[in-house]
Amino acid sequence: MDFLNALVALSNFVLVPAIAYGSQLALGALGVTLIYGILRFSNFAHGDTMAFGAMITVLVTWWMQSIGISFGPLPTALLALPFGILGTMLLVLFTDRVVYKFYREQKAKPVILVIVSMGVMFIMNGLVRFVIGPGDQRFADGERFIISARDFKAMTGLKEGLAIKTTQGITVVVAVICVIALFWFLNRTRTGKSMRAYSDNEDLALLSGINPERVVMYTWLIVAALAATAGVLYGLDKSFKPFVYFQLLLPIFASAIVGGLGNPLGAIAGGFVIAFSEVTITYAWKKVAKYMLPESLEPSGLAQLLSTDYKFAVSFVILLIVLLFKPTGLFKGKAV
């Protein structure tokens with residue numbers, strides 16, 4: 001029974017949160033890796049693109065709630081998400097037309113586009129804060145738990161209770177659907193194959209008659225959908241706060257680089273590597289140790305390697321190690 005209690009405690013505080021967080025990072029990292037692989041620059045505005053999509057969804061969710069529209073046990077934000085995706089698509093297409101297209105036509109070096117994306121990042125960040133404010137904004141409704149700790153204890157008779165939030169379940173399901181749809185699109189459709197060809201060899205793709213502007217447009221549309229979805233899922237699971245999405249840029253880039261920048265499969269794997277690393281290193285293992293170790297060996301402290309305040313430092317250290325020793329990442333993406 002002690003082993004089962006330890007397993008439940010581990011699942012409750014490490015496995016389930018890490019899987020949900022990893023799904024959110026994976027969706028964010030997919031957007032970063034698509035931009036890098038196809039448009040060939042690191043988009044530092046991606047975190048604030050997520051924030052913008054989430055902001056539109058939050059505003060539409062509040063409007064729906066005010067007129068009595070709901071989604072039953074599921075969050076109303078799922079009904080508002082298509083509006084968030086549409087708003088983000090319009091934003092990134094406008095940004096590409098007004099900003100990035102000029103530098104693309106000038107054949108600017110990737111470092112120039114990185115600097116430009118930083119400028120776009122600050123503008124988006126200010127826009128989101130101006131519209132919705134800098135504080136926490138809660139917009140989740142519906143049933144809070146798929147299964148609560150109390151119900152789990154009653155069913156199993158264990159001391160520890162497993163709680164799975166509805167938002168965690170939704171995050172995993174939506175992430176799986178998005179990944180399947182993305183890989184089907186890239187591998188089965190003509191446009192997706194054109195994007196892959198353009199990523200592999202731009203000159204040969206142009207000689208084959210592929211329209212580069214069409215590839216760019218579809219890339220931005222897919223990235224906008226992924227960014228808005230990831231932003232909303234993160235906001236539902238935690239809370240919506242604009243500055244947090246700016247901070248998420250580090251673990252998202254770490255996920256993309258660890259997996260292999262430019263490799264979609266690597267972005268997914270990297271997201272879960274970063275998520276599990278952050279959660280396990282910042283988790284206080286005292287409760288699990290209490291069940292697994294004899295009383296004489298139980299830790300007197302929290303048995304926590306790092307405070308949760310330093311979870312982004314974990315991403316930074318992993319990113320640094322990968323850049324130093326394996327810059328192509330786990331799945332041999334493009335070297336950084």
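Tutor: A pocket is an open set of grid points with protein on both sides within 12 Å along at least five of seven lines. The structure discussed here is a predicted model.

Student: What volume does the largest pocket have?

Tutor: The pocket is lined by 33 residues, and those closest to its centre are Pro-17, Lys-165, Gln-168, Asp-237 and Lys-238. For the largest pocket, the computed volume is about 710 Å³.

Student: Which helix gives the largest share of the lining of the largest pocket?

Tutor: At least two lining residues come from each of helix 1 (2-39), helix 6, helix 9 (212-237) and helix 12 (264-282). By class, the lining of this pocket holds 13 nonpolar, eleven polar and nine charged residues. The largest share, five residues, is supplied by helix 1.

Student: Is helix 6 roughly parallel or antiparallel to helix 9?

Tutor: The axes of helix 6 and helix 9 lie 9 Å apart, and the packing angle is about 170°. Angles over 145 degrees count as roughly antiparallel. Therefore helix 6 is, relative to helix 9, roughly antiparallel.

Student: How many residues of the contact of helix 6 with helix 9 are nonpolar?

Tutor: On the side of helix 6, the contact includes Thr-167, Gln-168, Ile-170 and Val-174. Helix 9 contributes residues including Tyr-218, Ile-222, Leu-226 and Asp-237. Divided by class, the contact has four polar residues and one charged residue, while the number of nonpolar residues is ten.

Student: Is Ala-175 buried or exposed?

Tutor: Ala-175 belongs to helix 6, which spans residues 166-188. Leaving out residues up to four places away in sequence, Ala-175 touches Ser-23 and Leu-27. Its relative accessible area is 7%, and the cut-off for burial is under 20%. Because of that 7% value, Ala-175 is classed as buried.

Student: What is the volume of the largest cavity?

Tutor: Rolling a probe the size of a water molecule over the atoms shows where empty space is left. In this model, the count of cavities of 30 Å³ or more comes to one. The volume of the largest cavity is about 40 Å³.

Student: Which helix supplies the largest share of the lining of the largest cavity?

Tutor: The residues lining this cavity include Asn-43, Val-92, Thr-95, Met-124 and Trp-220. Two or more lining residues come from each of helix 3 (77-105) and helix 4 (110-132). The lining has six nonpolar, three polar and no charged residues. With three residues, the largest share comes from helix 3.

Student: Does Arg-40 count as buried, partly exposed or exposed?

Tutor: Arg-40 sits in the loop between helix 1 and helix 2 (46-66). Its phi is near 65°, a positive value in a residue other than glycine. Because its relative accessibility is 25%, Arg-40 counts as partly exposed.

Student: Is Lys-107 buried or exposed?

Tutor: Lys-107 is placed in the loop between helix 3 and helix 4. Its phi is positive, near 55°, in a residue other than glycine. The cut-off for exposure is over 50%. At a relative accessibility of 65%, Lys-107 therefore counts as exposed.

How values were computed: Residues are numbered from 1 along each chain as its sequence is written. This is a predicted model: local features need pLDDT of at least 70, side-chain atom pairs count only at pLDDT 80 or more; totals for chains, interfaces and linings use all residues. Side-chain values use heavy atoms; hydrogens and water are left out. On a 1 Å grid over the protein atoms alone, a cavity is a set of points where a 1.4 Å probe fits but cannot get out, and a pocket is an open set with protein on both sides within 12 Å along at least five of seven lines; lining residues have an atom within 4 Å of a point. Grid points are joined across faces, edges and corners, and a volume is the space filled by probe spheres set on the points. Helices (H or I, at least four residues) and strands (E, at least two) are DSSP runs, numbered from the N terminus. Ala, Val, Leu, Ile, Met, Phe, Trp, Tyr, Cys and Pro count as nonpolar, Asp, Glu, Lys and Arg as charged, and the others, Gly among them, as polar. Buried means under 20% relative accessible area, exposed over 50%, partly exposed in between (1.4 Å probe, protein chains only). Contact means heavy atoms within 4.5 Å. Axes are lines fitted to C-alpha atoms, for helices over the stretch in contact, and angles run from 0 to 180 degrees between N-to-C directions. Angles under 35 degrees count as roughly parallel, over 145 as roughly antiparallel, 65 to 115 as roughly perpendicular and the rest as oblique.
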